[in-house]
Amino acid sequence: MNRKKLQKLTDTLIKNCKHFNKFEVNCLINLFYNLVGEVTERQGTTIGLDRNAFRNILHVTFGMTDDMIMDRVFRGFDKDNDGCVNVSEWIYGLSVFLRGTLEEKMKYCFEVFDLNGDGFISKEEMFHMLKNSLLKQPSEEDPDEGIKDLVEITLKKMDHDHDGKLSFTDYEQAVREETLLLEAFGPCLPDPKSHMEFEAQVFKDPSEFNDI
Amino acid sequence: MGVALRKSAQWTAAGYGARTLEITPLNEVILKEIMMFVESFIYKHPQEAKYVFAEPLEWKTSLDPSAFESGYIVSETTVKSEEVDKDGQPLLFLSVPHIKIRSFGQLSRFLLTAKDTKLKEAQACIEANRDPVTKILGLDYNAMKDDTSVVHILDKITKDGDPESEIKMKLGVLLKHLDLHLLNHSLKHISLEICLNPAIVKNDIERLKHLSGKGEQTVLESIDYTSDYEFSNGCRAPPWRQIHGEICYVVVKPHDVDTLCITCSAEGVFLNGGKTDDEGGINYERKSEIYKDLVTFLKEKSAKFLENMSKQDVRFSEEWKKEKELKEAPKKEEEPTLQKALPASGKSVLEKNQINFGKSQMTKRLEPSLNWKATVDFKDGGSAQESQEERHGGRLERSGPLVSPGRAQLVRKSAEKIEEIISESSSESEEDEEPPDHRQEANADLPSEYWQIQKLVKYLKGGNQTATVIALCSMKDFNLAQETCQLAIRDVGGLEVLINLLDTDEVKCKIGSLKILKEISHNPQIRRNIVDLGGLPIMVNILDSPHKSLKCLAAETIANVAKFRRARRAVRRHGGITKLVALLDCAQNSQEPAQSSLYDARDVEVARCGALALWSCSKSYANKEAIRKANGIPLLAGLLKTSHENMLIPVVGTLQECASEENYRAAIKAERIIENLVKNLNSENEQLQEHCAMAIYQCAEDKETRDLVRLHGGLKPLASLLNNTDNKERLAAVTGAIWKCSISKENVTKFREYKAIETLVGLLTDQPEEVLVNVVGALGECCQEYENRVLVRKCGGIQPLVNLLVGINQTLLVNVTKAVGACAAEPESMAIIDRLDGVRLLWSLLKNPHPDVKASAAWALCPCIQNAKDAGEMVRSFVGGLELVVNLLKSDNKEVLASVCAAITNIAKDQENLAVITDHGVVPLLSKLANTNNDKLRHHLAEAISRCCMWGRNRVAFGEYKAVAPLVRYLKSNDPNVHRATAQALYQLSEDADNCITMHENGAVKLLLDMVGSPDQDLQEAAAGCISNIRRLALATEKARYT
């Protein structure tokens, strides 16, 4: 990609992204095109990361393992729902993902956890997300007993209006009381270590950047 | 005595024939009391002694008719008393071996006749007459006895109205009194007894087994149970014997005596009748006295056992000491006390034991530590060892990795312990004793929280990060300040999991876990458990984390945990102090990163938590040093400039703890900390004020600091804080600061200006001791000035001060004596002190065991004697007082000696008293002290000597006891006071020719010549006088030579 084009793209993207400076946006754009690589040229039409490529990044770079959550994260990034993350979605998504304020992150996380997108996290959704969170005890009669109980505990803790499901208001209130509940149903944000590593690697000196 | 006999006396349980009284110490005491009552009855109540019993007391006596003397008609086999009732029947009738007695008078006389055998007779009498009261007072009384109210009996009897009934009533009352007396007595006695239980006995036996075998070093050859079957309650005795409290039977073969067959019962250990011929049978009859435990019993029976056991004991008691601090304290076990209380409430011994065994089944889990407690009470090193082993077992079960200590480990532990002792700070107050450990009983009614917490811990253990965070957040919603929840978390194994979580990489889990640990570590037991589980090193490591909130939480948790010394040491050992000091630095180079991460706290918060943890840690001496070495003082000084109360309190608290150390006080001066302390005295926060005052109190030992407090205007807030007396801790700190500050005169003037002295006098009553010590100390300093003495008198301060002279707190006494002494310098105050008998009180304090009190009292006596009217007479009026003072010259405390010398100087002003103390040998005692380098002692000693020269041949005597030569050397001292006193003494001594020669020989003349040139007139005069005496002697000698 030529320098001029990059410059232009950076300028457009920087406008709707408040958490990155120009240099950082630049770096991220470069990274994006590096990741997309030859694939774009072959297809020629949509330039972006498809679900698999994106999930691969989440897994390798940010250490995420839960398939369902990774799918939801992809959806969170893929605003226009076209099955691939383009460069502007990439920059915008990362700005929340890496540098978002608590409000932005709450919104993002809630969207991730709201599997069917109906604005509520229902018991079923919770059950779904938590079903692998407990070690299966072979001795127990009902292996799902623990999960169900865990869902109940979570509801008791977070469902302030007692309607048996979590609205965004419920979720927001609970998170404001205890920040640890931000990622209540599974890690959907980078853990601090990989976060730092990622930023250190991507935003290092531009002269070295070309070596990647 | 009816009740006492029925309830307390221990009757042999299973009767072979007639029931007899057991020969237990308790019974013996009861019998003796009854005997004493009966014997003295005839003298104390002659009227009632004549009263004729409703029925005679009859028993078989072993007394021979020939023993009876006047007042009896004696024949071969019968004895009749001359005293008869109104029908002419004799009141005592003996027909060998049966005896009938019908009055207390005769009973008394009979016992007097019986002499040596009276105990036996009394026992026989009581055994034969199971209800003596009925026999004495008749059945109608007996019918009333269930109604315990004496009034009813009185009613009943007085209705008849005749004189006999009146006597009967009196007798009834007397017997009632005796009954009560006996009950009280037996209660005391019972409370001294130790109840054994199966577990204790088992331990004893196991331990002895361990130490038994062939060879010279073992304590016994063998020890075995007679039965292999152990009942579920731990007893081995057959059930029909268990109801008598018997636990098991053992056959012991000591080295030096025959095989012993022993019964271990709840009341103690005793020898039984041995094995009977039929298989496994035992003759249960008791054949010896009862001993409190097996070891005591065997020590009594076998010399070899005693010898070898004492060797073991030494070893065990050492081990036990070392072990003691590693263990949590024993669980509380109320049962023994409960049992002891029972006899009073009238339950029979048998019932008690049944209850005991019933309970011991239920509370099996609790028994080990019950043991431990019981054995510690016995101060029996041997049993302590056993329980130590056992506790080790307990620990192993619970915390896994602990290994039972081998020899090498013990050595290491003892070294640690020594280090620990030296490293302890004086300011350490709380929790030196390990608190009792309440474990919840497994089958007790558990609150619902318990089960919920148990479930959460299960999820903590078996969940991934997400489930763990949810469980942690949910756990946090419980009331973690409540002990039930705290202990529930521990008891379901939650502590281990929480601490393990700290060792993971999951920041969120660590935060959640610390948030819980921080709360529950307010509980002393949990703290210990956290330390036992190795939580501290991990938390110390977290202090290095890049996440500030983690640092904060870890520091706060450390602050909670480090409330006892083992924890503080652990923090230091793992480098925690340096890291905590580094946290303080955060606030300094305060560059908050623009982009703070989600879970992060502010820098100030980090510093605050650091200070909080340092505060807790600073209670150990070694930690204070470590904080100083880590350069913590400038950082603390820096933080002191902030204005956040919640930051200031831990910072000032730390400083206050550390100010007990000399180098800290220097540093505090250097860092200009006093200024800020004074500033914060004006804060609104009481706690902050308290700590500031406390820090000033610590620091104001130093003159410069006291001046600084004044210069920064700290005296006024201190004085005004005096008016608020509700918060006693703060009041103690404030009065302490005032005390120390008032050592400087300028400060005293200020305090007078602020009317602090009046307030202080007002605080002399109704205050806790910590406050009183300081208030009195401050008054003692203030009263060094005349105006203040008058002020104190006018405010009515003398009376409460003198009243405090009867206290027992040593520090308080030192201060009170000083204050009273200071007041006594003013004649009018002295008159009041004299009137209140204060001098006598001061004088009796000379007998106080603590040397500081003695010295202070002696100092205070000086002005008293100076200013009292008729001082000589007053001093003489204290019987034995002068001898007491003279004997204090044998003390080895320099301060006591100096003060006593000063007192003697004052006492000796009265010729008569001087004569008395001379008789008590004051001269040799003073002479013996002459070889000293202590200038204060020299000063007062020389004065005393100079005074004592005024009587008889004391001058010569001082010479004979070789006091002169050392005195001459005093002139080489640098202290002008010593010079003056010495010159005066030498002047007095020089009246004797031999002394002059000694002085001359020791080069006194040259030294004295220098003194003559002194600006001090008294010194000049005395020196000149002395020289003139010496010179005159020389002239006389010369003259004598030439004529």
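Start by selecting helix H4(B), residues 104–114, which lies across S1, S2, strand S3 (78–81), strand S4 (92–95) and S5 of chain B and runs at about 130° to S5(B). Contact here means heavy atoms within 4.5 Å; axes are lines fitted to C-alpha atoms, for helices over the stretch in contact, and angles run from 0 to 180 degrees between N-to-C directions. Helices (H or I, at least four residues) and strands (E, at least two) are DSSP runs, numbered from the N terminus.

The model is predicted, with local features needing pLDDT of at least 70 and side-chain atom pairs pLDDT 80 or more, while totals for chains, interfaces and linings use all residues. Residues are numbered from 1 along each chain as its sequence is written, chains are lettered from A and ligands numbered from 1 in the order in which they are written, and side-chain values use heavy atoms, without hydrogens and water.

Next, select the five strands. They form an open sheet in the order S1-S5-S4-S3-S2 (chain B), with antiparallel pairing. Its edge strands, each pairing on one side only, are S1 and strand S2 (72–74) of chain B. On average, neighbouring strands are turned by 10° against each other, direction ignored. Two strands count as paired if DSSP finds at least two bridges between them. S1(B) and S5(B), the latter residues 98–103, are joined by five bridges in the antiparallel sense. Show Glu58(B) and look across to S5(B), where Lys100(B) stands opposite.

**A cavity beside it**

Which residues are the closest to the centre of the second largest cavity? Show Ile34(B), Val38(B), Leu107(B), Cys125(B) and Ile126(B), out of 16 lining residues. The volume is about 180 Å³, and the whole structure holds eight cavities of 30 Å³ or more. A cavity is a set of points, on a 1 Å grid over the protein atoms alone, where a 1.4 Å probe fits but cannot get out; lining residues have an atom within 4 Å of a point. Volume is the space filled by probe spheres set on the points, which are joined across faces, edges and corners.

The lining has 15 nonpolar residues, no polar ones and one charged. Nonpolar covers Ala, Val, Leu, Ile, Met, Phe, Trp, Tyr, Cys and Pro; charged covers Asp, Glu, Lys and Arg; the others, Gly among them, are polar.

**A second sheet**

Move to the open sheet of four strands, ordered S6-S7-S8-S9 (chain B) with antiparallel pairing. Strand S6 (222–225) and strand S9 (268–271) of chain B are its edges. Neighbouring strands are turned by 25° on average, direction ignored. Select Cys248(B); the bridge partner in S8(B) is Cys264(B). Helix H10 (198–210) of chain B packs on this sheet, touching S6, S7 and S8 and making about 145° with S6(B). Helix H12 (294–301) of chain B also packs on the sheet, touching S6, S7, S8 and S9, at about 150° to S8(B).

**Annotated spans**

UniProt positions follow the numbering used here, feature names are shortened, and annotations may be inferred rather than shown by experiment.

- UniProt (unreviewed entry) gives "domain: EF-hand" for residues 65–100, 101–136 and 146–181 of chain A. Residues 65–100 are 67% helix and 6% strand, with end C-alpha atoms 22 Å apart.
- UniProt (unreviewed entry) gives "coiled-coil region" for residues 667–694 of chain B. This span is 79% helix and 0% strand.

Definitions and conventions. On a 1 Å grid over the protein atoms alone, a cavity is a set of points where a 1.4 Å probe fits but cannot get out, and a pocket is an open set with protein on both sides within 12 Å along at least five of seven lines; lining residues have an atom within 4 Å of a point.
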